[in-house]
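Please read the briefing below alongside the sequence and the model.

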Amino acid sequence: MNAAEKETLLEKVRISLDKIRPYLQADGGDLELIDLTDEYKVEIKFTGACAGCPYSIQTLKGGVEQSLIKEVPEIVEVVAI
């Protein structure tokens with residue numbers, strides 16, 4: 001992926017994550033976009049109440065990843081680092 005394509009995809013990812021963020025914030029958590037890899041994987045970091053929460057993997061895969069892939073189909077996976 002070239003730099004222009006990466007920036008375009010990152011903007012789409014940011015917009016999508018901004019739609020998810022209020023649900024996390026309602027429970028005292030949040031997330032931070034870390035990177036988009038050349039393999040089309042989005043790396044995020046959970047913060048606040050989401051950091052270390054025993055349900056964060058379910059939130060990641062069942063909520064964040066599904067919503068993100070639905071809006072940005074180029075993305076293949078979302079991983080928490």
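Helix H1 passes helix H2 in a right-handed crossing, a crossing being right-handed if the near helix is turned clockwise from the far one by less than a right angle, and left-handed if anticlockwise. This is a predicted model, in which local features need pLDDT of at least 70 and side-chain atom pairs count only at pLDDT 80 or more, while totals for chains, interfaces and linings use all residues. Residues are numbered from 1 along each chain as its sequence is written, and side-chain values use heavy atoms, with hydrogens and water left out.

**Helix packing**

- H1 (residues 3-25) and H2 (residues 56-71) pack at an angle of about 145 degrees with their axes 9 Å apart; helices (H or I, at least four residues) and strands (E, at least two) are DSSP runs, numbered from the N terminus.
- Axes are lines fitted to C-alpha atoms, for helices over the stretch in contact, and angles run from 0 to 180 degrees between N-to-C directions.
- On the H1 side the contact (heavy atoms within 4.5 Å) is made by Val13, Ser16, Leu17, Lys19, Ile20 and Leu24, and on the H2 side by Thr59, Val64, Ser67, Leu68 and Glu71.
- The residues of this contact divide into 6 nonpolar, 3 polar and 2 charged, where Ala, Val, Leu, Ile, Met, Phe, Trp, Tyr, Cys and Pro count as nonpolar, Asp, Glu, Lys and Arg as charged, and the others, Gly among them, as polar.
- Ser16, which lies in helix H1, counts as buried because its relative accessibility is 1%, with buried meaning under 20% relative accessible area, exposed over 50%, and partly exposed in between (1.4 Å probe, protein chains only).
- Leaving aside neighbours within four places in sequence, Ser16 is in contact with Ser67, Leu68 and Glu71.

**The sheet**

- An open sheet of 3 strands has the order E1-E2-E3 with mixed pairing, two strands being paired if DSSP finds at least two bridges between them.
- Strands E1 (29-36) and E3 (77-80) stand at the edges with a single partner strand each, so one side of each is left without a neighbour in the sheet.
- Neighbouring strands of this sheet are turned against each other by 35 degrees on average, direction ignored.
- H1 packs on the sheet by touching E1 and E2, and its direction makes about 170 degrees with that of E1, whereas H2 lies across E1, E2 and E3 and runs at about 145 degrees to E3.
- E1 and E2 pair in the antiparallel sense over 7 bridges, and the bridge partner of Leu31 in E2 is Phe46.
- The hairpin of E1 and E2 has 4 residues between the strands, and in this hairpin Tyr40 takes a positive phi near 65 degrees.
- E2 (residues 41-48) and E3 pair in the parallel sense over 4 bridges, with Lys41 standing opposite Glu77 in E3.

- Gly28 lies in the loop between H1 and E1 and counts as partly exposed, because its relative accessibility is 44%.
- Not counting residues up to four places away in sequence, Gly28 touches Gly48 and Ala49; the C-alpha atoms of Gly28 and Ala49 are separated by 5.2 Å, although these residues are 21 residues apart along the chain.

**Cysteines**

- The model has 0 disulfides, a disulfide being a pair of cysteine sulfur atoms within 2.5 Å.
- The sulfur of Cys53 is 6.5 Å from the closest cysteine sulfur, in Cys50, and is therefore too far for a bond.
- Cys50 counts as buried at 12% relative accessibility, whereas Cys53 counts as partly exposed at 26%.
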